[in-house]
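Look over the structure below before reading on. The paragraphs that follow go through it step by step, starting with a term for how helices pass each other.

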Amino acid sequence: MKKLASTTSFSIYDTHIPCKILMGWEYEIDIPGIYTKDRWVKEKTAIQKRLGNEFQFRTDGGHYDQSLGMTTCGIEVCSPVAPLYVLKQWAIQLKPFTDKTEVHNGPLNNGGIHVNISKTDFTNAQWPKIKAFLHNPIHYDLLFKLSDRSSQSFNHNARQTLIECESRKYGIITASKSYAYELRMFGAHSDTFLPALEFADALFRYAATVADIKPDEFFSWVDQHKEYQILAAYIHQKLNHNDSSLHHPSSGNSVNTQAAKANTWSPAYSSVA
């Protein structure tokens, strides 16, 4: 891919594939045992070697270790901007590092997955509907179940109140960045990473087809689009939907099975409505 431009936060690439939505992700890795700068740099170097020099790194996402009386030095990995299928490949490459960080995302760990959706004419047109859906208190229970966060983590880091939406950084989705909408809904877990990316892409695509977003209709739409099979399995798993074929491991549609299939790098994941 040819790099077209850079900002302070992202690089934008020309993939020569029609795509209405470009995104970037930020994953807060809380690795047990990283308490010093030297250890942080060593782990960051290992991640950078695997992902490449276009990725950025911040000190964020650690937790207070009560047994040692120390705070871990979390690593926030920030991707360049790209279409969904490219972001998923990068997420898969990061998996060896996210797999070893499965500290429960509760009071001691507020690590999250932040998906930044580039502000364009297309995404700006969907923003009022996205904002109304995600910040509607009636959907709290549903979104909390999908978030894979503890209640403490969700209520602090993915707040639903509208005041957080425009100018503050802790809303479930915010518009405070000049270049992107930031979806902060999901906790940082390996098996949540790909569903979170698909959720962001699907939500903006779906919003373009309706006047307002209704959860059941959105989930049905997701089921009908093969590029969101990982998300469909995840939704059915988290919400305990009755159609067991969508989340039973033997069906081939479990979250882990669909994630394995996503290892095949394919332009098919860039299809748009």
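This is a predicted model: local features need pLDDT of at least 70, side-chain atom pairs count only at pLDDT 80 or more; totals for chains, interfaces and linings use all residues.

A crossing of two helices is called right-handed if the near helix is turned clockwise from the far one by less than a right angle, and left-handed if the turn is anticlockwise.

The protein chain as a whole comes first. The chain has 10 helices and 10 strands. Of its 273 residues, 53% count as buried. The accessible surface of the chain is about 12,100 Å², and carbon and sulfur atoms account for 52% of that surface. Among contacts in the chain with a separation of 6 or more, 69% are between residues 24 or more positions apart.

Two packed helices are described by the angle between their axes and the distance between the axes. Take helix H4, residues 140–147, and helix H9, residues 229–239. Their axes lie 9 Å apart, and the packing angle is about 115 degrees. Angles of 65 to 115 degrees count as roughly perpendicular, so H4 is roughly perpendicular to H9. The crossing of H4 with H9 is right-handed. On the H4 side the contact is made by Leu142, Lys145, Leu146 and Ser147, which meet Tyr234, Ile235, Lys238 and Leu239 of H9. Sorted by class, the residues of this contact are five nonpolar, one polar and two charged.

How much of H9 is covered? Eight of the 11 residues of H9 are buried, and the helix is described as mostly covered. The buried residues include Tyr234, Ile235 and Leu239, and these three also take part in the contact with H4.

Most residues other than glycine have a negative phi. Asp148 is not a glycine, yet its phi is positive, at about 60 degrees. This residue sits in the loop between H4 and helix H5, which spans 151–157. Asn240, which follows H9, also has a positive phi, near 55 degrees.

H2 passes H7 in a right-handed crossing. From H2, the residues in contact are Leu84, Leu87, Lys88, Ala91, Ile92, Leu94, Lys95 and Thr98, while H7 supplies Ser190, Phe193, Leu194, Leu197, Glu198 and Asp201. By class, this contact holds eight nonpolar, two polar and four charged residues.

Is Glu76 buried or exposed? Glu76 lies in strand E7, residues 75–78. Residues under 20% relative accessible area count as buried, so Glu76, at 2%, is buried. Apart from neighbours within four places in sequence, Glu76 is in contact with Glu26, Tyr27, Glu28, Gln56, Phe57, Arg58, Asp60 and His114.

Glu217 is in helix H8, residues 215–223. Its relative accessible area is 43%, so Glu217 counts as partly exposed. The C-alpha atoms of Glu217 and Tyr206 are separated by 9.6 Å, and the two residues are 11 residues apart along the chain.

Conventions
Residues are numbered from 1 along each chain as its sequence is written. Side-chain values use heavy atoms; hydrogens and water are left out. Helices (H or I, at least four residues) and strands (E, at least two) are DSSP runs, numbered from the N terminus. Contact means heavy atoms within 4.5 Å. Ala, Val, Leu, Ile, Met, Phe, Trp, Tyr, Cys and Pro count as nonpolar, Asp, Glu, Lys and Arg as charged, and the others, Gly among them, as polar. Buried means under 20% relative accessible area, exposed over 50%, partly exposed in between (1.4 Å probe, protein chains only). Accessible areas come from the Shrake-Rupley method with a 1.4 Å probe; for residues, only the protein chains shown count as cover. Axes are lines fitted to C-alpha atoms, for helices over the stretch in contact, and angles run from 0 to 180 degrees between N-to-C directions. Angles under 35 degrees count as roughly parallel, over 145 as roughly antiparallel, 65 to 115 as roughly perpendicular and the rest as oblique.
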